[in-house]
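User: Could you walk me through how to read a few features of a structure? I'd like to begin with strand pairing.

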Amino acid sequence: MSEPIISSLPAGEAPAPEASAAPAVNADAEQVGEPAEVRSVAAARGPLVMEATSLNKVFRLGPRASLQAVRNVSFGLYKGAVVALVGESGSGKSTVAKLLAGQERPTSGLITLNGKPIDVRTGRAFRHYKSQVQYVFQDPFSSLNPVHTVGYHLARPVKLHQPGVEHVNEAVIALLEQVRLTPAAQFEPKYPHELSGGQRQRVSFARALAAQPTVLLADEPVSMLDVSIRLEMLNLLDDLRTRLSLALLYITHDIASARYFADEVLVMYGGQVVERGPAEEVTQQPAHPYTQLLIASAPDPDNLGSTLKSGNVIAGAAGGVKAGNVGPAAVGCPFSSRCPLADDKCRRDNPALQLLAPARAAACWRLDVAAPSLAGGTT
Amino acid sequence: MSPILDISDLSVVYRTPGGDVRAVERVNLTLSPGEVVGLCGESGSGKSTLAYGATRLLRPPALVTSGSVRYSGRRITSGGHPVDLLAMSHKELHEMRWREIAIVFQSAMNALNPVLRVQDQLLDAIKANLRLPRGEARDKAASLLDLVGIPRNRLRSYPHELSGGMRQRVMIAMALAADPEVVIMDEPTTALDVVVQRDILAQIVELKERLDFAILFITHDLSLLLELADRIAVMYAGRLLETGSAQAIMREPAHPYTRGLLNSFPSLRGSRRELAGIPGSPPDLRDPLPGCPFIPRCTHAIPVCSNVDMSLALVAGPQAGPPPGLLNGVSHLTACPIVTPEVSQEGVLS
């Protein structure tokens, strides 16, 4: 418990050793400029619990290639607050969650929990860490063991993380009631296949809560569920967050649910945070062209067929965005390969987050065009 | 216009040791040429079973117990006689598949054979349905990829080398190999993220306009259908609860379940409203309650609800003005008794 274990490199030292040995696929995309200090709106909910500073993660793909999955990501999780990480598949959002969960180690950067750098080096330290930081998986159909009962799934973490508890069974019942699987005694002996998707995800929540964590990392907790069940799940999470004062990281590709559920939204693209700010402001007045694209792509019931049927696929400021099968750019701004506003500078230099308001920032060279009303005041 | 596909009174049960599961119960649904009909319901509502039952793709223990599925495509019915899919021989059925009715399967992410190149899978579909010399078959495979906007050099790729969106496009290309008149799409975009989903939907709409096929689009996401479909059918516990134009469903949802669905998805636009969702879970289909299956979760249920026969009736409108049961020539029907004329006059729903 002495030194920052997980940041084997001093924070900010770049490029990382792996990257220099094998140039990253996108190694030339170092950000230009210092990323802005953003005053998170989530801080209004409670004190800082967990903080990520300048996280980088480089995966080696082979002897001569590597991929930077996370670049320079910094944010904080606050007690009783929800921070949403929004982005498409491959944007690096799950990698960030795995870094926070201690499942992967960052190539550089620092993660602190309650002010102390996290330590997951030994089994004992990792277990201690897991009792404070818990992870909820996306797929309730494969994250529960089919040969064990609900009671077994919950009794194990109770025994492991609350060694003082005498009546494990009562603790299990209490957990089931907490996630509103009632009557709890009826659910305890059931096997996962006897439960619906929503019920299984409740068991996953209960399992995470069994450790009595302070931080909950929820990786797409509702995306495998039916639309009619999703809202109930989000409401349950919201309720648990308030009652247990959890610091919650909510990972999703559905920016509409982030608006409904989160305090702060961070939009990721190509491993970087391209925009962040209060959920309502980011969704109502998106600054980055990628955020604008995400919002224009969300199904809009009020549209009643107009945009799809006229062939005008993406409406609004992000019009003319290239199809989704173009990957992030290797050099310059990751979105420049798809962005209709991209110019030579965008294709050459990767922008760092610039402050738009005390609690808002976006990483874009063309903010004057993409969001003139926001860019005017501060730049 | 007379329907190209007319499903009437279709019932499907799954024979299980614990009793029959009545997965689809006396469903009527039509699809007109060039129309997009959205079939919406949660997991286990029977929406996929309905589609597979109607195209005879189900295997025991599933059993079609009643109904007919009349198909009247232009190539099949020279004399204007529709054919009943449920009464066909296997040989006739084989002729129908792909050429007349094609399906884009659920979880297309995994529906491609991982050890075959894209080209070989497309050629399989082409060879099975069209008698083409090898060279022409190859050209056809390449032009199918063009159709869905995938570069031709991907013909030699394996599925794992393609992104989710591209795999989905290959599945769509494959379904269109033999120029079908009806394409059934079972949750084609469910595993994809929103931007890719929108690209694919736009592609589907564009292909539909160009090649003029009708689509039965199955999904659990009503918000998607509101934009995409001409007509929407809402299914719950094996029954159709409501059908109508997208506009009618959106503006004047009649069935409490539809209203619950509409109130379930967070909206990006407009003011941030309180969302309710639908508490409770679907009923056990082994032992259905009499009347409306939604009663246990319905906040409006009245005694009459246990006696309804679940046939669809025109939705009653407010006292004045044109009847809203007909919007743009599409009738708005519901199985809910408390919004049909006799009961709504008593002011149950206000």
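User: Which residue stands opposite A:T112 in β6(A)?

Analyst: Strands of a sheet pair through backbone hydrogen bonds, either parallel or antiparallel. Here, A:T112 faces A:P117 in β6(A). Two bridges link β5 (residues 108–113) of chain A to β6(A), and these strands run antiparallel. Strands are DSSP runs of E of at least two residues, helices runs of H or I of at least four, numbered from the N terminus; two strands pair if DSSP finds at least two bridges between them. One caution: this is a predicted model, where local features need pLDDT of at least 70, side-chain atom pairs count only at pLDDT 80 or more, and totals for chains, interfaces and linings use all residues. Residues are numbered from 1 along each chain as its sequence is written, while chains are lettered from A and ligands numbered from 1 in the order in which they are written.

User: What is the strand order of the open sheet?

Analyst: The four strands follow β3-β2-β5-β6 in chain A, with antiparallel pairing. At the edges sit β3 (66–78) and β6 (116–117) of chain A, each pairing on one side only.

User: How many residues of helix α2 of chain A are buried?

Analyst: A residue is buried if 20 or more other C-beta atoms, placed from the backbone, lie within 10 Å of its own. By that count, seven of the nine residues in α2(A), 93–101, are buried, among them A:V96, A:L99 and A:L100. Just after α2(A), A:G102 adopts a positive phi of about 80°.

Note on methods
A residue is buried if 20 or more other C-beta atoms lie within 10 Å of its own, exposed if 12 or fewer, and partly exposed in between; C-beta atoms are placed from the backbone.
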